[in-house]
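Colleague: I'm new to reading protein models. Could you walk me through this one?

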Amino acid sequence: MTEPMEIFLVAPPGLEPTLAEEVRALGYVAEVTPGGVSVQGGWPDVWRLNLECRGAGRVLARIATFRAFHLAQLDKRARKVDWAAVLRPDVPVRVESTTRKSKIYHAGAATERIARAITEELGAPVADDAPVALKVRIDDNNVQVSVDTSGEGLHKRGHKEWVGKAPMRETMAALLLRMAGFDGQMPVVDPMCGSGTFVLEAAGIAASQQPGRDRSFAFEQLASFEPQAVAALGRAGGTTPPQFHGFDRDAGAVRGATANAARAGLAAATRFTAQPVSDLTPPVGPPGLVICNPPYGARIGNRKPLFALYGSLGQRLSEHFAGWRVAIVTSDAGLARATGLPLTESVPIAHGGLKVRLHTTQL
């Protein structure tokens, strides 16, 4: 496994180009494909991307590709894969297969054959709750075997204990900040901050924190893992002024977001205040970005009362936030129009079974 391999970074549909921007900023040649971004690299790149990429949902290493037209051929070719170069015989593995437009049409049978090949050739046990997952995709008789090097989704940064209703994943928040024009320098205000996801991601970006610094990864259970080399990739974040502000009318949310910030080492850079949208005013200092994920009525509450909320938000922003950029996430174009702001909408973005758009403007 010394040759470069394909490394696939998963993104929500609609945010693949934004993830590619981030990956290119990390120094990679990134190719956008449906559902994510592909780069070429080795195991050190796998480790680094897990640690440093804020927008990827998980990092998959493509470890084998071959053709197979029937189960016997799949079995034979699976046994020729150098499993020992990737997997450890003492660490359980689980196999997840999908099949599409192929002679091998039964995903369960494909899973069984590959699992048996691993057990008999390497000796590694197979278990449904294994810490290492192999993802097998059979498409047009092409078999692609990937190892999930992340384990738990990368949105789980390791320091957020309090979560509000209908939370946004940290990975998506990081990509939406980039899409909204956040440059790591400007102040950020979230008028409906919930657990503080946008505020914490912006502050972490500004402080050059590694998003994966407080968690473990599935790659630590692989044969290719080099603890000292991974430790050498770690770096301490810097400090940043307290210019990242979250507001919420729910005092419990404010307490939870404040605690999340403390665990993330971002207490000094962030301020959370219990306050309704109708009292929103800009913090002292230069203009920056107002970004929020208000309720849409699709999952929380009813739609009709939300028009007043969006209208109040638009009024406060237009009256008090001259010079600021605005970005609002919603699945409802009618609610976005209720702000009265001249918003431009993005392409649809998959978010928890919904299609949302990022609506932006410069005040």
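This is a predicted model: local features need pLDDT of at least 70, side-chain atom pairs count only at pLDDT 80 or more; totals for chains, interfaces and linings use all residues.

Colleague: How many aromatic pairs does a search of the whole structure find?
Modeller: Here is how such pairs get described. A pair of aromatic rings is given by the distance of the centres and the angle of the planes. Searching the whole structure this way, the number of aromatic pairs is four.

Colleague: Are the rings of Phe 217 and Phe 219 stacked or edge-to-face?
Modeller: Their centres are 5.0 Å apart, and the planes make an angle of 10°. Planes under 30 degrees apart count as stacked. So with 10° between the planes, the pair of Phe 217 and Phe 219 is stacked.

Colleague: And what do we call the pair of Phe 219 and Phe 225?
Modeller: For Phe 219 and Phe 225, it's 6.0 Å centre to centre, with 50° between the planes. Stacked needs under 30 degrees and edge-to-face over 60.

Colleague: Which residues do ring pairs link into a cluster?
Modeller: Put together, the ring pairs make a cluster of Phe 217, Phe 219 and Phe 225.

Colleague: Is Phe 225 buried or partly exposed?
Modeller: Buried means under 20% relative accessible area. Phe 219, at 1%, is buried. Phe 225 has a relative accessible area of 23%, so Phe 225 is partly exposed.

Colleague: Let's switch to helices. Are α5 and α6 roughly parallel or roughly perpendicular?
Modeller: Helix α5 (residues 170-179) packs against helix α6 (residues 197-206) with the axes 9 Å apart and an angle of about 65°. Angles of 65 to 115 degrees count as roughly perpendicular. That is why α5 and α6 are described as roughly perpendicular.

Colleague: How many nonpolar residues are in the contact of α5 with α6?
Modeller: On the α5 side we have Glu 170, Ala 173, Ala 174, Leu 176 and Leu 177, and on the α6 side Thr 197, Phe 198, Glu 201, Ala 202 and Ile 205. Sorted by class, one is polar and two are charged. The number of nonpolar residues is seven.

Colleague: Last one: how far is the C-alpha atom of Thr 273 from that of Asn 142?
Modeller: Thr 273 sits in strand β10 (residues 270-274). Along the chain, Thr 273 and Asn 142 are 131 residues apart. Their C-alpha atoms are separated by 54 Å.

Terms used: Residues are numbered from 1 along each chain as its sequence is written. Side-chain values use heavy atoms; hydrogens and water are left out. Rings of Phe, Tyr and Trp (its six-membered ring) pair if their centres lie within 6.5 Å; planes under 30 degrees apart count as stacked, over 60 as edge-to-face and the rest as tilted. Buried means under 20% relative accessible area, exposed over 50%, partly exposed in between (1.4 Å probe, protein chains only). Axes are lines fitted to C-alpha atoms, for helices over the stretch in contact, and angles run from 0 to 180 degrees between N-to-C directions. Helices (H or I, at least four residues) and strands (E, at least two) are DSSP runs, numbered from the N terminus. Angles under 35 degrees count as roughly parallel, over 145 as roughly antiparallel, 65 to 115 as roughly perpendicular and the rest as oblique. Contact means heavy atoms within 4.5 Å. Ala, Val, Leu, Ile, Met, Phe, Trp, Tyr, Cys and Pro count as nonpolar, Asp, Glu, Lys and Arg as charged, and the others, Gly among them, as polar.
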